[in-house]
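Q: Please take a close look at one part of this model, the place where neighbouring strands pair, and explain it in a connected way for someone new to the structure.

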Amino acid sequence: MTEPTSIDVDRFLPHPPEKVWRALTDPERLAGWLMPNDFVPEIGHRFTFHTEPRPGFDGVVHCEVLALEPPRLLAWSWRGGTLDSTVTWTLAPEGRGTRLFLRHEGFDPDDPLQRQALRIMGGGWRSHIMRALETSLADQP
Amino acid sequence: MPEPTATATAATATATAADAFTVDVFTAVANPARREVLRLLRDGGPRPVGELAEHFDMRRPSLSEHLRLLKDAGLVTERRVGRQRWYALEAAPLRALTDWLAPYERFWNDRIDGLADLLDAERDDIDGPPNAGHHD
């Protein structure tokens with residue numbers, strides 16, 4: 001089954017992959033849309049993202065560059081609070097733009113602290129991946 | 001992006017129903033073997049326990065434990081047919097999982113909105129495909 005412990009998002013961006021890649025890998029641009037960081041596009045480079053602390057989370061996300069294939073594939077480890085996870089970006093040319101895929105995996109459903117921390121952040125969006133899974137599951141007799 | 005409103009009420013109702021089960025769905029899916037059982041039941045429909053056992057390198061009592069836990073979480077139902085126990089998937093409690101990860105998915109959607117805005121605001125100094133032009 002689709003791993004129920006990961007998040008998938010995909011988005012069409014009307015810009016070429018090279019430009020999207022630059023926004024993902026240039027530390028200043030990355031800070032502009034994600035978080036302040038000391039990212040360097042180099043496999044094995046360790047870096048951090050900084051955000052506002054919350055209960056159960058000091059606001060620092062510890063990362064390491066795991067994959068780097070410009071302008072197609074970028075992966076970081078993502079450790080913060082009780083999370084020990086991986087974020088993978090995949091870029092695919094589509095028409096005049098780019099289809100950007102995000103997979104954030106490694107959520108531990110059996111970690112009460114992690115669940116509590118996530119609940120504090122509030123509810124909202126439902127994953128279309130999970131909805132597709134549910135639909136598919138619901139079709140079973 | 002899909003609108004969440006249509007399913008919100010159903011999800012709430014499901015969560016309330018799921019509270020009646022003794023094992024929560026998070027514990028149930030935390031184990032890879034139990035996820036595999038769910039996948040087998042999803043892809044192959046209801047199956048007798050013996051058929052499920054063929055897919056696992058474990059003793060039958062261990063599998064029975066997993067099935068009992070899935071049943072206690074409301075994720076499978078058990079039916080006796082002759083001498084065999086059949087198991088079927090109940091998908092509804094999985095909605096609790098979606099609600100669990102929803103804040104993170106919202107976080108990423110918001111950030112990618114920001115990425116899209118940043119890209120739109122930048123001068124197009126990186127060319128697109130040869131015949132794409134600069135119409136965006």
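A: W76(A) has V87(A), in strand 5 of chain A, as its bridge partner. This is a predicted model, in which local features need pLDDT of at least 70, side-chain atom pairs count only at pLDDT 80 or more, and totals for chains, interfaces and linings use all residues. Residues are numbered from 1 along each chain as its sequence is written, while chains are lettered from A and ligands numbered from 1 in the order in which they are written.

Strand 4 (residues 73–80) and strand 5 (residues 83–94) of chain A pair in the antiparallel sense over eight bridges; strands pair if DSSP finds at least two bridges between them, and helices (H or I, at least four residues) and strands (E, at least two) are DSSP runs numbered from the N terminus. Two residues lie between strand 4 and strand 5 of chain A in their hairpin, where G81(A) takes a positive phi near 60°.

Strand 5 of chain A is also joined, by nine bridges, to strand 6 (residues 97–105) of chain A, and these two run antiparallel. Here A92(A) has R99(A), in strand 6 of chain A, as its bridge partner. The hairpin of strand 5 and strand 6 of chain A again has two residues between the strands, and G95(A) takes a positive phi near 60° there.
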